[in-house]
Structure formats: structure tokens, C-alpha cells
Amino acid sequence: MGTEQAAAVEISEPLLLHDEAAVDKIRAADDQEMERIPEWKDQITIRGLVVSAILGTLFCIITHKLNLTVGIIPSLNVAAGLLGFFFVKSWTGFLSKLGISVQPFTRQENTVIQTCVVACYGLAFSGGFGSYLLSMDEKTYKLIGEDYPGNRAEDVKNPGLLWMMGFIFVVSFLGLFSLVPLRKVMVLEYKLTYPSGTATAMLINSFHTNTGAELARKQVSCLGKYLSISFCWSCFKWFFSGIGDSCGFDNFPSLGLTLFKNTFYFDFSPTYVGCGLICPHIVNCSVLLGAIISWGFLWPFISQRAGDWYPADLGSNDFKGLYGYKVFVAISLILGDGLYNLIKIISVTIKEICTKRQNLPVVKEVTEQKKRDEVFLKDRIPFWFAASGYVGLATISTAAMPMIFPPLKWYLVLCSYILAPALAFCNSYGTGLTDWSLASTYGKIGLFIIASLVGSNGGVLAGLAACGVMMSIVSTAADLMQDFKTGYLTLSSAKSMFVSQLVGTAMGCVIAPLTFWLYWSAFDIGSPDSPYKAPYAVIYREMAILGVEGFSELPKHCLAICCGFFVAALGINLLRDVTPKKVSQFIPIPMAMAVPFYIGAYFAIDMFVGTVILFVWERLNRKDAEDYAGAVASGLICGDGIWTIPSAILSIFRINPPICMYFGPSASS
């Protein structure tokens, strides 16, 4: 997956520097498997699909948890490839000891598993379960305010398992067919790097060499150890979390009670510490800087103006008070960052296409490139198949979408599908150049346009649904092209990549809604006082209301403050691009800064702890940090994510934690 998608911010770092070591690893793996490459049907196995379903379920649970809490989701592609290798290798080793003959585990099968898993859990991210779909529910409607202008009861659609599955099915497959005919152009002619896809290929290739397999075993052992530690710690924390949301380690005033009131505290979350280990240092520091600016200075300053800028007797979640400032300032930063990067990447795309430059960043050519080209072009996907698939699915979706969302008329859906392939191409090309997917930005554009066109009579619901349509297409198209790049470098068939994407998407259409329903049934989703705040649900609904109503109902001075942060986001991004690398690497990222403005500072502290651990580790032993930091982080995230399942089951059966650990001042004044 790319970097910024769907409702949340997914932050990943390009894992491959185009150096000799990377090429050597790829060449070493090529030498071992060049003689025999399995047919595309043999690359897709029953055991591979079973492993994909298991890992897809696990990663959907983890993605939902992150999406519903803070909205920052690190790339789990490396963990998908590593765990896929571990499960199949363990299974084949077990059967071999029993004397049962097994099919050899190839890097092509490993690539198929990784592709399938990423396609599956990608829908938990881009399917809108923490954003545009959840913004439609009654709780978000009431949170914004029943008397809030433009917030109508008619624009409410509560989550339902069947309609969510139907919606995901009718919108998720179109992106896979939209750019298939251009795979040769994107991968072979333009030689786009797709840094995350190239890094994944390098990782998988290294697993299937002797030295790489040994390192993979050590990484899996490390992942398993920290997964166990994380799971046990999460279980231990549960016993002290009491009833409600004010007890336990999640509310530990580790920096003092004064800072605790402004959400500055370390909450002992393995998930957020793991995110800090995976995310680049600049991302973690940007999040902390955003927390300091907002909760350290801006919100205390505005709260002192209660009674002047806004009524002093408003509730903490009233949009006419401080809560409104929090949401709209976060929106302004997100939109400013998204707009800048959209213009930048479209400009780069047009420039490269017009000049047809051949000096794009590419992996250094090796002697096997001709063989790669042959394998990549061997199993063709006919143009008529892709075109008829897109037209057929678009027809079904155009008919089905108004049934699910009546305000979204069929002709608006049809117009979206006519424009979508061009936008999908722009996003895929930009992702190939920069590793930065702007799927959510395209979704927001669709949201504002459709909401304003439909107007007050259903514009909010129609805009949110259109956001999902546009986002799904451009996101899956970029993911597919990135998988084609991975397949190209691992000598995997393009047809097996396409089929595994289809299968993974089909799995995700079932698994993602089911795993979301686990959370929806067990926890208080969307409440500002709940651990599962679903921050982007409120933000997306407010965007839709803005598309319909405009800016007339913002609190006093809110529009001026928002304009200031919007311009600041544009300026910071421009500064990052015009300054030298040695300077720009220290300039914060506005998109990452925006998240704590609304949610709070606590997770920024956790992520900063993770980045400090990684920084010290890199100084002590850089090679060990490079080899094992991802495994440690994945173990921390996975262990905490797995604990969510028994925690949800206990909650469903109304079994409460026995102890409430609470902190207060020693003497009240």
C-alpha cells in the first residue's frame, strides 16, 4: 500500500535505497530460481490462500484498531511477507518430517500471499470503516449536534453488516480493472520504481536465499517474542482498566496531573510504541510537534476566551465551542497538505509524460532484466477482459449505489466512473514516483463536489458515499500497479498477481466488515470519551456539511485560524521541497501534525518513545536495528491487536475488569 490513503494517514518509509546490496540480493535470488519458474496457476496454492485468510483477518483487526483510535496506520507489508514465509515454511517443514511430499515453497508463492494479504487488509483501511462510512451513523450525527445547520437526521445510515458488505463488493473491484492495460507502460516503459513494492520484492527475494532464510528465521523468532510480550502486557493492563474510560494504565498520569489534563501522558500502549518504531523519525516528531502546538498552546489559549469567542456553558463536545476549533483546524491542515501534494504530483506526472524522460529513478539494470521482461509479459491479461470487466462492474455499481444511498443518483455515480480511470492513472503514476498515494485526497475532492451538487436535500450522505467510490478506485489501482512491480522483480506472473489481488479483495469484502462488526458490537465506537474515538468519522461528516452549507456556522475567529493553518500547511510543504535534503529532513509533515490536534497528545508521546528507542538502537548497532526493528514493531502491534479479540469477547459477555486503577491529587483544594 502507498502512504496516505482512505480515512487515515498511513505512514511508511521507502525501504529500498538503490544501492549495490539491493541488486546483489535480487541477483542472488534470481540465480537460484531462473531455471524453473512455476506456471501462474501453480503460484496460487490452497495453503497460500489459507495463510492469506488467516493473516488478512489478523491485519484487518489491527488496522481497525488503529483506524478507530488515532488514524495513523504504519505499513504492514513487511510483516505480511515475513509471516507468510514463516507459516508456509513451518507447514512444509512439519509435513516433510512426517514423510509427506510437499510442493516447494517458492518466492512466487510468497509474493502471491503477500499480495493477497495486503489487498485484504487494505479494505479495512480504504473501506471507510473509521471514516466516511462511520460518519453516516446516528452517533456521529448526534455528536455534531441535532440542531447544527446542515446536519440532518435524514442523512443518517447506521452500520449494517449486509449493506456494508454489499457496498464494499460493488466499489472495490473496479480499480483493479481500470489500469490493467497500462501495466507494461508503467512498469517497463516508464520504469517507475514504486519504492515500497521494490522493497517488498527485495525482502521476499532475500528470504529465498540461504543467508536470507536464516535471517528471516531470526526475525520471526524476534517477532514472536515481542508479540507474546505485547499480548501478555495487554492482558495484564485489562485487569486494572475497570468500568468506563477513566481507569487503568491507559489513563496513567506519567508526566503529572497538570499535563494529564491536557492529554500529555504515556499510556503504555504497545501498538503506538510499535508505530513509532516503524514510522520515520520525522513523522513521529511531526506528530509530537502538532501535539505541543495544539494541546500545549493553542487550545489552552482559546479555552481562556470562553464567554467571548464562544459560550462558556457549552459541553466539551459541542461544535459551537472549543470542540469545533479542534475539528476544523485539523481539517484545514489535512486539506492544505493534501491539496499541495495533489498539485505537486499531478505536475510531476504531466511533466514526465510530456517530456518522456528516461532518467526516472530505477533499480539498476541487471543481466536478468530481459528474463524479467519475458516473464512479466508472458501471461497476458487481454485488453478486452479488463475493459469489459470495468464496464460490467461500473454498470452493476451504478445501479446498486442509489439503492444503498438514495441521495446519490445513478448519473452522479456514472460520471464518477467515467472520470475515475484518469484519476487512478495520476495516483498510480505519482505513487510510482514518490511512494505517496493520495487516495483520500481524491476522495475528499469527490466528497466536496458531490455534496455541493446534491445540496441540502441529501448532500451529506451522497458526498460521503461518493468519497468512498472515488477513494476505492484510485487506491486499489495504485496498489495493483505496485504489486505488478513486486511481481516483476520476483519473477512472478502478472496474471497470478492480478488473480491474487482479486482473491484478496474478495476476502477483504467479507473479512473487513466482519472484523469491524466485532468492534462495533463490543465497544463504544465514536464516543469522544472512548478509547475508540473514530476521529475521522466526525471530520469527514463535517467536510460533507461544509460542502453543503459553507463556512457560515463556524465559531468566532475559527475561519481565520483555519485559513492560517491551511496556508501554513502549503508553506511548510513548499519549504520541504525547495530546501536542501540536509535541511528538509528536519521540516515537519503537516499531515502528521494534524492528527493530534483533534485526538490528543497521549499517542504522540507513545510514538515518540518508539522513535527514541529506534534512534538509540541505530546509534548502538545500526545493522541490528535495520534487521530487527521492523520485527519488534510488528510483534508489539500484532500482540496488542490479537488481545483485542478476547477483550471484545469479554465485553460482549459483559465481563468487566475487576480493578479500577485511578489517579487523583493527594489532597483536593
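Modeller: Gladly, with one caution at the start: this is a predicted model, in which local features need pLDDT of at least 70 and side-chain atom pairs count only at pLDDT 80 or more, while totals for chains, interfaces and linings use all residues. Residues are numbered from 1 along each chain as its sequence is written, and side-chain values use heavy atoms, with hydrogens and water left out.

Colleague: What makes Arg 47 and Glu 109 a salt bridge?

Modeller: The term requires a side-chain nitrogen of Lys or Arg within 4 Å of a carboxyl oxygen of Asp or Glu. For Arg 47 and Glu 109 the N to O distance is 2.8 Å, so the pair qualifies under that rule. The pair links distant parts of the chain, since Arg 47 sits in helix 3 (residues 46–69) and Glu 109 in helix 5 (residues 107–126), 62 residues apart; helices here are DSSP runs of H or I with at least four residues, numbered from the N terminus.

Colleague: Why is Glu 109 called buried?

Modeller: Buried means under 20% relative accessible area, exposed means over 50%, and partly exposed lies in between, with a 1.4 Å probe and protein chains only. Glu 109 has a value of 1%, and is therefore buried; Arg 47, at 15%, is buried as well.

Colleague: How do you know that Arg 152 and Glu 154 form a salt bridge?

Modeller: Their closest N and O atoms are 3.9 Å apart, so the pair meets the rule. Arg 152 has 25% relative accessibility and so counts as partly exposed, whereas Glu 154, at 54%, counts as exposed. Arg 152, Glu 154 and Asp 155 are linked in a network of salt bridges, and the search of the whole structure finds twelve salt bridges.

Colleague: What is the volume of the largest cavity, and which class does each part of its lining belong to?

Modeller: A cavity is a set of points on a 1 Å grid over the protein atoms alone where a 1.4 Å probe fits but cannot get out, and lining residues have an atom within 4 Å of a point. There are five cavities of 30 Å³ or more, and the largest has a volume of about 70 Å³. Its lining has three nonpolar, six polar and one charged residues; Ala, Val, Leu, Ile, Met, Phe, Trp, Tyr, Cys and Pro count as nonpolar, Asp, Glu, Lys and Arg as charged, and the others, Gly among them, as polar. The largest share of that lining, five residues, comes from helix 5.

Key. Helices (H or I, at least four residues) and strands (E, at least two) are DSSP runs, numbered from the N terminus. On a 1 Å grid over the protein atoms alone, a cavity is a set of points where a 1.4 Å probe fits but cannot get out, and a pocket is an open set with protein on both sides within 12 Å along at least five of seven lines; lining residues have an atom within 4 Å of a point. Grid points are joined across faces, edges and corners, and a volume is the space filled by probe spheres set on the points.
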